[in-house]
Amino acid sequence: MQPRDLSDHAVYRAGRGIEEVARDLGLDPDDLVKLSSNENMFGPSERAVEAIRESAATMHSYPKASHADLTEALAEEWDVSDEQIWLANGGDGALDYLARAMLEPDDPVLVPDPGFAYYPMSARYHHGTVREYALSRDDDFAQTAETVLTDYDGERIVYVTSPHNPTGSEMPTEEVRTLAEETDEETLVVVDEAYGEFTDSPSKRPLLSERDDVALLKTFSKLYGLAGVRLGYAVVPEEWADAYARINTPFAASELACRAGLAALSDDDHVEETVETARWVRDYYHENLNARTWESGGNFVLAEVGDAAAVADAAQREGVIVRDCSSFGLPECVRVTCGTREDARRAVAVLNEVLDR
Ligand code: PMP
């Protein structure tokens with residue numbers, strides 16, 4: 001027998017892990033710095049680590065109270081009702097829930113190019129079809145309503161990433177408002193704010209009070225350093241928030257993830273240090289990398305380096321792992337995560353040395 005026709009499904013290729021690279025190159029993992037997956041280089045909040053330790057002994061139970069408590073805390077943070085918080089197994093899981101709630105077979109969605117690979121994957125898993133809108137490098141990947149509307153043709157979901165991965169560009173709230181106004185009533189605009197806390201620009205949250213066709217995507221993977229436990233959520237309009245109960249996987253986020261998430265939410269020092277450092281490092285990359293870089297609202301910077309595959313490979317041999325953006329359709333660019341200040345100094349020294357060769 002065979003599965004259904006999966007020929008148009010792409011395979012997700014994550015940035016390579018430290019152990020993998022160290023093994024390939026015969027290096028000590030401790031000598032490597034991984035700046036390829038936009039993780040939090042300070043690690044998780046100590047409070048989250050402690051919460052996981054404490055809840056380890058009760059992991060034989062299904063997550064009930066922790067799921068409800070985290071939902072309540074997030075609802076309070078975003079000033080929405082509990083039903084409007086859709087917890088999931090990572091932001092990826094929340095994208096799946098949105099697709100599951102929205103798409104009938106063959107419904108089209110519109111995704112950015114370049115863009116985050118999981119939008120089209122998730123849509124296809126849910127029997128949708130995929131079209132793209134172009135963010136133009138000549139325009140510094142600027143994101144306006146017009147950029148999207150030029151390619152919009154009545155799709156059911158339009159994905160906007162702000163700050164955008166991998167370019168760092170942003171779409172102002174006013175432009176998202178216009179986009180939502182100009183698209184059909186039955187088109188959902190998903191604003192992915194996975195990197196939302198690293199920018200000075202405000203969240204698009206106010207739009208949820210104005211309209212029923214904008215949803216937000218959030219993750220604990222970046223700011224909170226919890227990529228490994230897989231925790232994310234969507235914030236959706238009140239009008240159809242009850243759909244969650246009909247489409248979610250039972251126990252959508254694990255006990256450990258919920259406990260860690262709750263603890264991380266309360267760790268203001270960890271959050272502050274993470275954001276402050278990312279902003280400092282962004283500036284440091286802009287000023288010191290001997291390559292063109294783009295203004296970024298995220299915890300990473302896109303740099304034009306010529307042959308990205310060769311540069312990423314050479315930097316890796318020197319112990320610095322960056323993301324070759326060929327798979328994003330940008331074969332001349334690498335994306336460099338903002339690590340600690342020390343990571344950043346090393347990344348700049350190595351990349352500049354490689355670029356000089
Ligand atoms: N959106 C964007 C733009 C991302 O870059 C990522 C992670 N790479 C995600 C969503 C999903 O993150 P996670 O599933 O780890 O929450």
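Trainee: Is the crossing of helix 12 and helix 13 left-handed or right-handed?

Mentor: The crossing of helix 12 and helix 13 is right-handed. A crossing is called right-handed if the near helix is turned clockwise from the far one by less than a right angle, and left-handed if anticlockwise. Helices here are DSSP runs of H or I with at least four residues, strands are runs of E with at least two, and both are numbered from the N terminus. Before we go on: this is a predicted model, in which local features need pLDDT of at least 70 and side-chain atom pairs count only at pLDDT 80 or more, while totals for chains, interfaces and linings use all residues. Residues are numbered from 1 along each chain as its sequence is written, and side-chain values use heavy atoms, with hydrogens and water left out.

Trainee: At what angle do the axes of helix 12 and helix 13 cross?

Mentor: Two packed helices are described by the angle between their axes and the distance between the axes. For helix 12 (residues 308-317) and helix 13 (residues 341-356), the axes cross at roughly 125° and come within 9 Å. Therefore helix 12 is oblique to helix 13. Oblique is what remains after roughly parallel (under 35 degrees), roughly antiparallel (over 145) and roughly perpendicular (65 to 115). The axes are lines fitted to C-alpha atoms over the stretch in contact, and angles run from 0 to 180 degrees between N-to-C directions.

Trainee: Which residues of helix 12 and helix 13 meet?

Mentor: From helix 12, V311, A314 and A315 meet V350, L351, V354 and L355 of helix 13; contact means heavy atoms within 4.5 Å. By class, this contact holds seven nonpolar, no polar and no charged residues. Ala, Val, Leu, Ile, Met, Phe, Trp, Tyr, Cys and Pro count as nonpolar, Asp, Glu, Lys and Arg as charged, and the others, Gly among them, as polar.

Trainee: How do helix 4 and helix 5 pack?

Mentor: Helix 4 (residues 90-102) packs on helix 5 (residues 118-125) at about 45°, with the axes 9 Å apart. Helix 4 is therefore oblique to helix 5, and their crossing is right-handed. D92, L95, D96 and A99 of helix 4 touch Y118, Y119 and S122 of helix 5. That contact has four nonpolar, one polar and two charged residues.

Trainee: Last topic, the backbone. Which residues does a cis peptide bond with omega about 0° join?

Mentor: Most peptide bonds are trans, and most residues other than glycine have a negative phi. Here D113 and P114 are joined by a cis bond with omega about 0°, and P114 sits in the loop between strand 3 (108-113) and helix 5. The bond from N165 to P166 is cis too, with omega near 15°; P166 lies in the loop between strand 5 (157-161) and helix 7 (173-182). D106 is not a glycine, yet its phi is positive, about 75°. Look for D106 in the loop between helix 4 and strand 3.
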